[in-house]
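Dear colleague,

I would be grateful if you could read it alongside the notes that come after it.

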Amino acid sequence: MDINELTRDAVATISEAEAPALMETAATLLERWNTEYYVYDAPSVPDAEYDRVFQLLEALEARFPQFKSPVSPTSRVSGTVRSDLAKVTHARPMLSIHTETDVTPEGAVAFDRRVRNELGLTDADPAIEYDCELKFDGLACSLRYENGLLVSAATRGDGQVGEDVTANVRTIRSIPLRLTGDVPAVLEVRGEVLMHKADFERLNAKQLAEGKKPFVNPRNAAAGSLRQLDSSITAERVLRFYAYSLGETSEEAFAPTQSGVLDRLHKMGFPVAAMRRVVSGPQALSQFHEDVAQARSELPFDIDGVVYKVNDLTLQERLGFLSREPRWACAHKYPPEEAMTQMEAIDIQVGRTGKLTPVARLKPVFVGGVTVSNATLHNEDRIAQLDLHVGDWVVVRRAGDVIPEVVRVVKERRPESVEDFVMPSRCPECDSATLRDEEEKDTRCTGGLICPAQRKLSLVHFASRRAMGIDGLGEKIVTLLVDEDLVKTPADVFTLKLEDLTAPTTASRLAVEANEAKPVEEREKGIKLVKRMGPKAAQNLLDSIEKAKSTTLARFIYALGCRHVGEATALSLAQRFGTLANLEAADEATLLTVDDVGEIIAQSVYAFFKEPHNRAVIEALIAAGVKWPDASVAVANTDSAVAGKTFVLTGTLPTLSRDEAKDRLLGQGAKVSGSVSKKTDFVVAGAEAGSKLEKAQALGVTVIDEATLLQMLGEGKADTNAEAPTVMEAAPQVEPVKKSEPKEETPQDKGEVLQGSLF
C-alpha cells in the first residue's frame with residue numbers, strides 16, 4: 001500500500017505482513033523531513049503533511065507495538081518521569097578549552113604565537129591554518145551512536161563523568177536518531193544543546209501566562225530543559241543541537257582536518273554552525289573575531305565568543321594537551337553582555353508619541369564593550385515584574401547595539417533602605433496630566449498640543465491632508481519651524497509671517513557672526529546666510545495656512561491628535577455633539593453613548609479635553625481665526641441615492657480627486673471603505689485601477705465609473721431612460737492594470753469605514 005494514500009483511519013485495514021515496511025517508510029520520511037527542517041532550514045513538505053505521516057506512524061505503532069523501533073520519531077515526544085539522572089563515564093574525556101582573556105585582536109595573536117612556539121616554528125615558516133567556529137552559550141552534550149543508532153547521550157559533567165540525558169535528547173528534533181550511509185560502528189558526536197532566542201521568548205511568555213517564573217536567559221532555559229527528570233516536559237520546549245567535535249570513534253581516519261570533521265558530520269545530518277571559516281595566520285583570526293562581533297546580535301542564538309582550532313588533526317596530535325586543556329584550541333571571548341551594578345535612580349523620558357518610559361540611572365559599569373550608566377525599564381508593569389526598587393543591585397544586559405536593559409534584581413544584595421517607584425501623575429516635560437493606557441500597558445502624557453517631546457509629531461499630524469490639510473507643512477518644514485523656535489503649538493502656525501519664514505536660519509546666522517568676529521586673516525571664505533525658506537515657497541505655505549482656517553468640526557477634532565481618535569471616531573463625535581463646547585463638556589458616560597466609542601477611547605477623549613493646556617491651545621486656534629460650520633446643522637442627506645451605501649474608490653478618476661469623491665459621498669450619507677468585501681455596494685473605478693477592481697469583479701460587486709457616480713450624487717446629467725445606475729459590465733473605461741494602486745496612509749486603506757457629511 002502507498003503511504004502517500006494511506007490515512008490514519010485506514011490503519012485498521014493494514015495486515016501484519018504489510019505493517020513493518022509501512023512503519024519503516026514513515027519513520028524514514030519523518031527523519032528526513034526533520035533533518036530538512038531543523039538542520040538545513042529547507043523543508044520540502046508543509047507541516048500538515050508531516051503531521052499526517054506522524055499520526056499515521058503513531059497509529060501503526062499502537063496497532064503493531066511489536067514492530068516499533070527503539071529510535072522511532074514518535075519517541076521524541078514521549079517519556080517517563082525519573083527519580084534522578086544516572087551517571088555516565090565518558091569513553092574520552094570532555095575537556096574544556098583555554099579562554100583567551102584578552103578580548104582585543106591581540107588575543108588571537110597571542111594564541112597563534114603559543115601554537116607556533118610549541119611547534120618550533122620561526123617567522124620564516126608558513127602561517128598555520130585554523131578552523132574558526134562560534135562559541136555557543138549552551139550546555140555541552142555527547143551523543144553516542146552504535147551501528148548508526150543513538151544509544152546514549154550525556155552532559156559534560158566534570159569532564160570525566162556526566163549525566164545520562166538520553167531520553168531528553170531523543171525529544172530534540174535536530175538530533176538524528178539513526179544515521180544512514182557510511183558511518184563508523186561507534187561514533188560519539190560532541191556539541192552544544194541550546195535554545196534559540198525566539199523559542200526562549202515564547203517559552204517565557206508561556207511561563208508567565210501560566211503564572212510560573214520566567215527563565216533568566218536562553219542558556220539557563222536550555223540547561224533546565226535538558227536536565228528534566230520528565231522527558232515529556234523537555235519535549236514541550238524547543239531545544240537545538242549543534243555539533244562541533246568528535247569523541248570516541250571506531251574509524252581512525254574520520255577526516256584529516258577539523259573543518260573536514262564538521263563537513264562530514266553535516267552530511268550525516270548533524271547541524272553545524274553556518275558561520276565558520278578556515279583561515280591562515282593571526283590577522284585572519286582577528287578578522288573572524290571582528291566579523292562575528294558585528295553579526296552577533298543577528299544570530300538566532302547566544303554566543304559569548306569564537307573558537308580557534310588548529311585545522312590539521314595531525315598537528316593537533318603533535319601539540320597535545322596542557323593539563324586538561326588542548327594546546328591546539330582556544331576560546332576568544334567578547335566583553336561580557338551582562339554585568340552587575342547598583343541602580344541610583346529612575347528617571348522618566350517622554351517619547352514623541354507621549355509615552356512615558358522609566359529609565360534606570362546606574363552606577364557606571366562596563367558591559368557589552370561600552371560603559372553603561374542608563375538602561376531602559378520599558379514600563380511600570382516591567383518594574384513591578386522585576387520587583388525593582390531604587391537602590392537595588394541589578395543585572396544589566398547589553399547585546400550588540402541593543403539598548404541596555406535591566407534584566408533582573410539581585411535581591412540577596414538589596415540594601416535595607418530602598419525606595420518604591422511610582423509612575424508620575426504629571427508629565428515631566430509639560431506638567432500635563434498623565435493617563436494609564438490599560439490596553440497597551442503604558443502611561444502617556446495627555447498634553448499632546450503643548451508637550452515639547454510630542455511637538456513635531458503632533459504638528460505633522462495637525463497639518464496632514466485629512467486633518468487641517470495644510471499643503472507644504474510636512475515633516476521637513478515642521479522640523480525647521482520647531483528648531484528655529486518659531487512654532488511651539490499648532491496655534492503658532494496661524495501667526496507665522498512672511499519675514500519669519502524667509503529670515504536666515506539661526507545656525508547660518510551664528511556661523512556668519514562667529515566668522516566676522518575673527519581677525520581678517522583668519523576668516524573663512526564662502527560662509528553665507530542660508531534662508532529658512534524661499535519667498536515663493538513661504539508665500540505658498542502662508543496661503544495654504546490661511547485656507548486651512550476654514551475647516552469642519554470633524555477635521556478639527558481629528559487634527560487635535562487625541563490618542564485613539566481616528567477620522568471615523570472624530571466624525572462620530574462631531575455628529576453626536578454638534579459643537580466643540582458640547583464635546584468639551586461631555587463626561588465619560590456621555591462619550592460612551594457615541595457609536596464606535598468604547599471605554600479606552602472615552603477615557604482618552606475625556607482626559608484630553610480636561611487638560612487645561614490643551615484647552616488653552618484650542619482657544620488660541622479659534623482666536624487665530626480657525627472656524628467651522630455648526631456640525632449640528634450639517635446633517636447627511638439621507639434621501640440621496642448613495643445614502644447608506646458602501647463605496648470603494650480605486651484608480652484615477654477623470655475629474656475628481658480621491659478626496660473630492662470621498663467628501664461628496666460622505667456629504668450625502670454614504671460610507672467609504674478602503675477594502676472590497678461582499679458588503680460593498682459599489683466600486684468606483686478609474687484609470688489604472690488595481691487589485692480592488694479585480695476583487696470586485698470576482699465577488700460580483702457592481703463597478704461604476706465617475707460619470708455614474710456624479711449621476712447618483714445628483715451632480716451629473718441624468719439618464720431619463722435608465723432605472724438604475726449605469727454599470728460598467730466589463731469596465732470599458734478602465735485602462736488595463738499597469739501598476740499597483742498608490743497607497744494612501746489613511747485609516748480607510750486599513751479597512752476603516754467613514755460615514756456622514758462633515759468632511
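This is a predicted model: local features need pLDDT of at least 70, side-chain atom pairs count only at pLDDT 80 or more; totals for chains, interfaces and linings use all residues.

Residues are numbered from 1 along each chain as its sequence is written, and side-chain values use heavy atoms, with hydrogens and water left out.

The chain contains 26 helices and 25 strands; these are DSSP runs numbered from the N terminus, with helices (H or I) of at least four residues and strands (E) of at least two. Of its 759 residues, 48% count as buried (under 20% relative accessible area, with exposed being over 50% and partly exposed in between; 1.4 Å probe, protein chains only). The accessible surface of the chain is about 37,000 Å², and carbon and sulfur atoms account for 50% of that area (Shrake-Rupley method, 1.4 Å probe; for residues, only the protein chains shown count as cover). Of the contacts (heavy atoms within 4.5 Å) between residues at least 6 apart in sequence, 69% join residues at least 24 apart.

The largest nonpolar core has 54 residues; such a core is a set of buried Ala, Val, Leu, Ile, Met, Phe, Trp, Tyr and Cys residues joined through side-chain atoms within 4.5 Å. Helix H18 (residues 553–559) supplies the largest share of this core, six residues. Leu473 is among the residues with the most contacts inside the largest core. Beyond its neighbours within four places in sequence, Leu473 touches Ala463, Val478, Leu481, Val493 and Leu541.

Histidine 90 is in the loop between strand S1 (87–89) and strand S2 (98–100), and counts as buried because its relative accessibility is 9%. A polar atom of its side chain lies 3.1 Å from the backbone oxygen of threonine 155 and one lies 3.2 Å from that of arginine 156. These are polar contacts (N or O pairs within 3.5 Å, one able to donate a hydrogen and the other to accept it within protein; residues adjacent in sequence count only if both atoms are side-chain atoms).

Proline 256, in the loop between strand S8 (240–249) and helix H8 (258–268), counts as exposed because its relative accessibility is 63%. Leaving aside neighbours within four places, proline 256 is in contact with Asn311, Asp312 and Leu313. Its C-alpha is 8.6 Å from that of asparagine 311, 55 residues away in sequence.

With kind regards
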